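Biologist: I am new to this structure. Could you take me through it?

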Amino acid sequence: MAASPSTARMLPDTLRTALDGAQTQVNSLVLGKPTEVRLAFVALLSDGHLLIEDLPGLGKTTLAHALAATLGLDFQRVQFTSDLLPADVVGVSVFDPQARRFEFHPGPVFTQVLLADEINRAPPRTQSALLEAMAEHQVTVDGTSHPLPDPFFVIATQNPVDLSGTYPLPDSQLDRFLLRLALGYPGEQAERDLLAGTDRRALIAGTRPLLDVEQVREARRAVQAVHASDALVNYVQALLGRSRKHPGVRVGLSPRAGLALLRAARAHALLLGRAHVVPEDVQALFGAVAAHRLVADADAGSDATLAKAILHAVPVD
C-alpha cells in the first residue's frame with residue numbers, strides 16, 4: 001500500500017540536487033527537449049524501459065548516450081541489424097574441453113544501461129531475445145537462468161515502421177516498454193545552437209556522471225512511497241475502462257498498463273517535488289504510456305490520436 005502524503009518519503013537534499021543536476025546536464029546535450037528528457041528520467045525512476053521512436057537524425061541515440069553518461073552506470077550498446085542473432089544479445093554457452101563442461105559467456109545485455117539501437121531493424125526472433133530480460137530482469141540460456149544487474153534499464157530506439165528495412169515490434173514487445181516518446185524536429189533556436197555549437201559526441205565524451213547506482217536505487221524506493229489517493233486510482237481505472245470501449249480501439253489498455261501509468265505518475269510527481277500524485281501527472285504521461293499499447297482499427301487514425309481522445313473523454317472528478 002502506498003504511503004500517505006504525510007508519511008511519503010521525500011528525497012534527501014543531496015539526491016534532489018543530483019537529480020536536478022542530471023536533468024540539467026542531459027538538457028544541455030539534447031537541446032530544446034525538456035519534456036522528453038523528464039520522461040526519460042520518469043522511465044528510469046519507475047524501474048521501466050524507454051522506447052524512443054522517430055526519424056533518423058533527430059537525436060534518439062544522442063539522448064540515450066547522454067542519459068548513460070550522466071547516470072554513471074555500466075553501459076553497453078547493441079546495434080540491431082538484420083543479421084543479429086539472439087546469442088549476440090544475451091550470450092552463449094561454449095564447451096570448455098579442459099573443464100569438460102559448458103561455460104556461459106554473457107552477452108551485452110548483462111549491463112545496467114542497455115542501448116538497443118534501431119531495435120526494429122532486427123528480425124522478430126532477435127527482438128524477442130529481450131523479452132525475458134525486460135520483464136523478469138534475467139535471461140535463460142540452455143535451461144539455466146542468469147540474473148541481470150540491478151538496476152537494469154533498456155533504452156531502445158526505432159525508426160518509423162514505414163521506412164524500409166524495419167520489422168514492426170510485436171505487441172508483447174511494445175508492452176515491455178513503460179514509455180514511448182518521439183523527439184521531433186528541434187525548435188528554431190535549439191537547432192541554431194546545435195548547428196553552431198560543439199559536436200554532441202565530443203560533449204558527451206567529456207560528460208561526468210552526476211548519479212551513481214545507490215542514488216538510482218534510493219530514488220526508485222522513494223517513487224514507490226509517493227501517495228496515490230483513491231480518487232486518483234479511480235481516475236486511472238476510468239481511463240482504462242474508456243480505452244476498452246472507445247470508438248476505433250480494437251484492443252484497449254490492460255490492468256498492467258494501469259499499473260505502469262500509476263508507477264510513472266509517481267515518478268513524475270517525485271521529479272516535480274511532490275509526495276503525492278495529482279491528475280496532471282497522469283495527463284502528462286498518458287500518451288507516452290498508453291498510445292503504444294492500444295491496438296487501433298485500420299481506419300481509426302494513429303494510436304497517439306486515440307490516446308489523446310481517450311484522455312479528453314474522461315473527466316476529472
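Modeller: One definition to begin: angles under 35 degrees count as roughly parallel, over 145 as roughly antiparallel, 65 to 115 as roughly perpendicular and the rest as oblique. The model is predicted, so local features need pLDDT of at least 70 and side-chain atom pairs pLDDT 80 or more, while totals for chains, interfaces and linings use all residues. Residues are numbered from 1 along each chain as its sequence is written, and side-chain values use heavy atoms, without hydrogens and water.

Biologist: At what angle do helix 11 and helix 14 pack?

Modeller: Helix 11 (residues 230-243) and helix 14 (residues 303-313) pack at about 125 degrees, with their axes 9 Å apart. They are therefore oblique to each other.

Biologist: Which residues of helix 11 meet helix 14?

Modeller: Tyr-235, Leu-239, Arg-242 and Ser-243 meet Ile-310, Leu-311 and Ala-313 in helix 14, where contact means heavy atoms within 4.5 Å. By class, this contact has five nonpolar, one polar and one charged residues.

Biologist: Now to the strands. Is strand 5 buried or exposed?

Modeller: Five of the five residues of strand 5 (residues 113-117) are buried, so strand 5 is largely enclosed by the rest of the structure. Buried means under 20% relative accessible area (1.4 Å probe, protein chains only).

Biologist: Which residues lie on each side of strand 5?

Modeller: Val-113, Leu-115 and Asp-117 are on one side, and Leu-114 and Ala-116 on the other.

Biologist: How many bridges join strand 2 to strand 5?

Modeller: Five bridges join strand 2 (residues 75-79) to strand 5, and the two run parallel. Gln-76 stands opposite Leu-114 in strand 5.

Biologist: What about strand 8?

Modeller: Strand 8 (residues 153-158) also runs parallel to strand 5, joined by four bridges. There, Ala-116 stands opposite Ala-156.

Conventions. Axes fitted to C-alpha atoms, helices over the stretch in contact; angles between N-to-C directions. Nonpolar A, V, L, I, M, F, W, Y, C, P; charged D, E, K, R; others polar. Buried < 20%, exposed > 50% of the residue type's maximum accessible area, 1.4 Å probe, protein only. Pairing = 2+ DSSP bridges.
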